[in-house]
Number of protein chains: 2
Amino acid sequence: MARIAPLSGFPELLPAQRVVEREVIASLSQTFELHGFANIETRVVEPLDRLAKGGEIDKEIYVLRRLQADDGADDTGLGMHFDLTVPFSRYVLEHAGHLEFPFRRFQVQPAWRGERPQEGRYRQFTQADVDVVGRDVLPFHHDVEVMAVMVDALDRLPVPPVSFQFNNRKLIQGFYRGLGLADVTAAIRVIDKLDKLPADEVARLLVEQAGATPEQAARCLELATIRVPDTSFVERVRALGVTDELLDEGLAELAAVVEGCSQVDAPSVTVEANLRIARGLDYYTGTVVEIFMRGYERLKSVGGGGRYDALATDGKTTYPGVGVSFGVSRSLLPLIADGVLAGSRPVPSAVLVAVVDEESRGRSTRVATALRRSGVPCEVAPTAQKFGKQIRFADRRGIPWVWFPGEDGEHTVKDIRSGEQVVADPATWTPPVEDLRPRVLTTTTEETTP
Amino acid sequence: MARIAPLSGFPELLPAQRVVEREVIASLSQTFELHGFANIETRVVEPLDRLAKGGEIDKEIYVLRRLQADDGADDTGLGMHFDLTVPFSRYVLEHAGHLEFPFRRFQVQPAWRGERPQEGRYRQFTQADVDVVGRDVLPFHHDVEVMAVMVDALDRLPVPPVSFQFNNRKLIQGFYRGLGLADVTAAIRVIDKLDKLPADEVARLLVEQAGATPEQAARCLELATIRVPDTSFVERVRALGVTDELLDEGLAELAAVVEGCSQVDAPSVTVEANLRIARGLDYYTGTVVEIFMRGYERLKSVGGGGRYDALATDGKTTYPGVGVSFGVSRSLLPLIADGVLAGSRPVPSAVLVAVVDEESRGRSTRVATALRRSGVPCEVAPTAQKFGKQIRFADRRGIPWVWFPGEDGEHTVKDIRSGEQVVADPATWTPPVEDLRPRVLTTTTEETTP
């Protein structure tokens, strides 16, 4: 079989790179669990009518058929999920009778989209989602809570500083309504183009597509330029002279979210109110957020989310929810490719147990068993080469320690970085704790993740 | 939207059930890492020509097409992997230049097969595979090692006792050849039916399909009935009077595997030589194994594997491998359905921090932050109901502790199982370590997994 080319859009990690992804997922999971969120996984397929809603995404859905179905009916009616929100809302509906509400869950799984691959955009990509869902009601304070959880979670990751940019749909809608705009929905859709089009072009579209007067368009743009790292946006919005009940509610909610997230002890996270964030096509009804990573603004957001008044409904019962998603693949793969993040070694082994000769392999295996009993990951050398070659074998894998079993029970262990060698007992010796597991290295500072 | 029916063959776990699956996967991963195996994940799709090899499995392959491809070319040429061996061998070939050999890896991922669902057989199911792969050569001792690793791994799981039943292809082939059988491959295929057909029927088929004389057929059956928990099979095979070089090699290898695995300190694992195990259609060339779970023999094997002399090849280089796979879904889902395994609670929270009134929610949040700093998973009550209701809220979720923030800094925490309540400081108090995380409960003995 010939040389194998990679499959575009389906990136795979080498073992040392996978160390980074695993540590990040473990860290996220640990934070979510500290905040009382339960982990679930959903099946990767959903009935097509649940996935395809006539939106932009439809043409990116992968549909499953059987290669050779016995009965000729090869279409399964199933497609692969393109996010974790659709399957989660279906999970809530399907299992509602067995869940306690408010239901707090996190989920870390791949999703699939048949889109054109580019940096940060893949056909298979992993996301980490955290949500709270209520039955019929969900108090607003969960908006603050869920966002604060993600602030805490991302602060603990070895990634560059991130910025949470918050807005609130009620604020936008209330402002537009108070302003007397004819078509609020169209206006939101137009304002969402501010990062692609110049301001005067957006103003023109507001007039053309949202029925705004030039004065109204100007005010919409003024609102959208407000971006502050605290609750001073309240004053600035008030200064625009628009009054509306929904606007008041939105201002209060956004202020609470910004204040709550700022109180989290998270030095590598910036929290801002950015009144141009709209998350155009999604069905958010209150809080919205987009997350950006410093130095990687070209990826656009590496995460986002918000409040849905109806994450799911079965006709009788409605399930309001609030959640936020972090793009694990979208953020990590560019960082790994750029060498910003790397695993310290491609193997879990902290120790290579050398083999004197094939006859005494059993003795080396017993040493390894003793080390593992103390929780030390290790492996036995595959061949009884000269010790120099066995040391080089360890060195190529980044294994820091080599153990030499003594014939008469006198063992020695060598730190191959320093060359220091000491007499040791396999039942009691352990390496320094920082050698026990592969670590995540960053180019800025060599950092250890626990 | 109407009530949602589950999708046959795509089982999903409730949060407390997912605790079991996660703990099992964490335990397996930990053991594999202690033995120096690196984790990788492969993409879930492979080019169809790599999956469909004209075998039985072909008609179970799920093929991907795009729902609405722009160019009408909706077929992607991709299918979902139906095991972890095919993608792993492709991964080795694709990334060989970046891997160190022998390459030791483990992989825990779902796979998909469009087969008829039944107990233990699902359309989406998770497997845990551990393999060692060499470049051109792979010393035999890795057969012993990999099997011993899985023995160690399954012994640490909270599942019923398992039995490893080993055989060796060289032993079978050498015996058949030494016996003068005309068609060795056909004979293996026939003998593999012994668990479905009576012995005399198998004898008849050996004559009919493998060109055996009735005497040869009788000897084949004698060989296949040998099943012992030690290396005494060597004597018994010798007593059948067949001599062959390959047979000798197979006997020595099987004896080494049985002996090596018996030496593992694994009280809940039985190791046997069972000379009827053939793993019919797979391309094994030496060691073969099937794993059975006590009380669940109806599931057939819950794992299996063996030695491939050519796991992968690119024409110039051949990669021999030895590995073994454990069916995580196949074994756990029936145990969970039968109530043999359960999670101790559906939420990670060990503590519910009560809320006195909505005005003081911030105080409760600060208590939670302090507890999390000590590594205590907790959540703040969603509403400021009467304390009795907040306690019942915790009780329904299996949360063992409820924290009452005192107005003047005098906090108390209550064990809602015993009703005992003590004054405590959120900066220093922690619950007993066994309350910190949800545990896996078994019906036989209430057991804790770390």
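In this predicted model, 68 residues of chain B are in contact with 68 residues of chain A. The interface residues of chain B are, to 100%, also interface residues in chain A, so the two copies meet through the same surface. Chain B superposes on chain A by a rotation of 180° with 0.0 Å of shift along the axis, at an RMSD of 0.1 Å. That is the relation of a two-fold axis.

**Where the chains meet**

- On chain B, the side that touches chain A draws at least two residues from each of H1, E1, strand E3 (62-66), helix H3 (85-95), helix H12 (361-373) and strand E15 (378-380).
- By class, this side of chain B holds 31 nonpolar, 15 polar and 22 charged residues.
- Strand E3 (residues 62-66) of chain A pairs with E3(B) in the antiparallel sense, over five bridges.
- Within this pairing, Leu64(A) stands opposite Leu64(B).
- Leu64(B) is also the residue of chain B that comes closest to the rotation axis, with its C-alpha at 2.5 Å.

**The sheet of chain B**

- Nine strands of chain B form an open sheet with mixed pairing, and their order is E1-E5-E6-E12-E11-E10-E7-E9-E8.
- Strand E1 (38-39) and strand E8 (227-228) of chain B are the edge strands, each pairing on one side only.
- E1(B) pairs with strand E5 (residues 103-112) of chain B in the parallel sense, over two bridges.
- Asn39(B) stands opposite Phe106(B), a residue of E5(B).
- In general, the strands of a sheet pair through backbone hydrogen bonds, either parallel or antiparallel.

**Helices on the sheet**

- Helix H1 (residues 15-34) of chain B packs on the sheet, where it touches E1, E5 and strand E6 (124-133) of chain B.
- The direction of H1(B) makes about 160° with that of E5(B).
- Helix H10 (residues 245-262) of chain B lies across strand E7 (162-168), strand E9 (269-274) and strand E10 (287-293) of chain B.
- H10(B) runs at about 160° to E7(B).

**Helix H1 with helix H11 in chain A**

- Helix H1 (residues 15-34) of chain A packs with helix H11 (residues 328-337) of chain A at an angle of about 145°, and their axes are 11 Å apart.
- H1(A) and H11(A) cross in the right-handed sense.
- H1(A) makes the contact with Gln17(A), Val20(A), Glu21(A), Val24(A) and Ile25(A), while H11(A) makes it with Val328(A), Leu332(A) and Ile336(A).
- By class, six nonpolar, one polar and one charged residues make up the contact of H1(A) with H11(A).

**Helix H5 with helix H6 in chain A**

- Helix H5 (residues 169-179) of chain A and helix H6 (residues 184-191) of chain A have axes that come within 10 Å and cross at roughly 120°.
- That angle makes H5(A) oblique to H6(A).
- The crossing of H5(A) with H6(A) is right-handed.
- Ile172(A), Gln173(A), Tyr176(A) and Arg177(A) of H5(A) meet Val184(A), Ala187(A) and Ile188(A) of H6(A).
- By class, the contact of H5(A) with H6(A) has five nonpolar, one polar and one charged residues.

How values were computed:
Residues numbered from 1 in each chain as written. Chains lettered and ligands numbered in written order. Predicted model: local features only at pLDDT ≥ 70, side-chain atom pairs only at ≥ 80, totals over all residues. Axes fitted to C-alpha atoms, helices over the stretch in contact; angles between N-to-C directions. Helix = DSSP H or I, 4+ residues; strand = E, 2+ residues; numbered from the N terminus. Left-handed = near helix turned anticlockwise from the far one by under 90°. Contact = placed C-beta atoms within 7 Å. Nonpolar A, V, L, I, M, F, W, Y, C, P; charged D, E, K, R; others polar. Pairing = 2+ DSSP bridges. Least-squares fit on C-alpha atoms with pLDDT ≥ 70 in both. Parallel < 35°, antiparallel > 145°, perpendicular 65-115°, else oblique.
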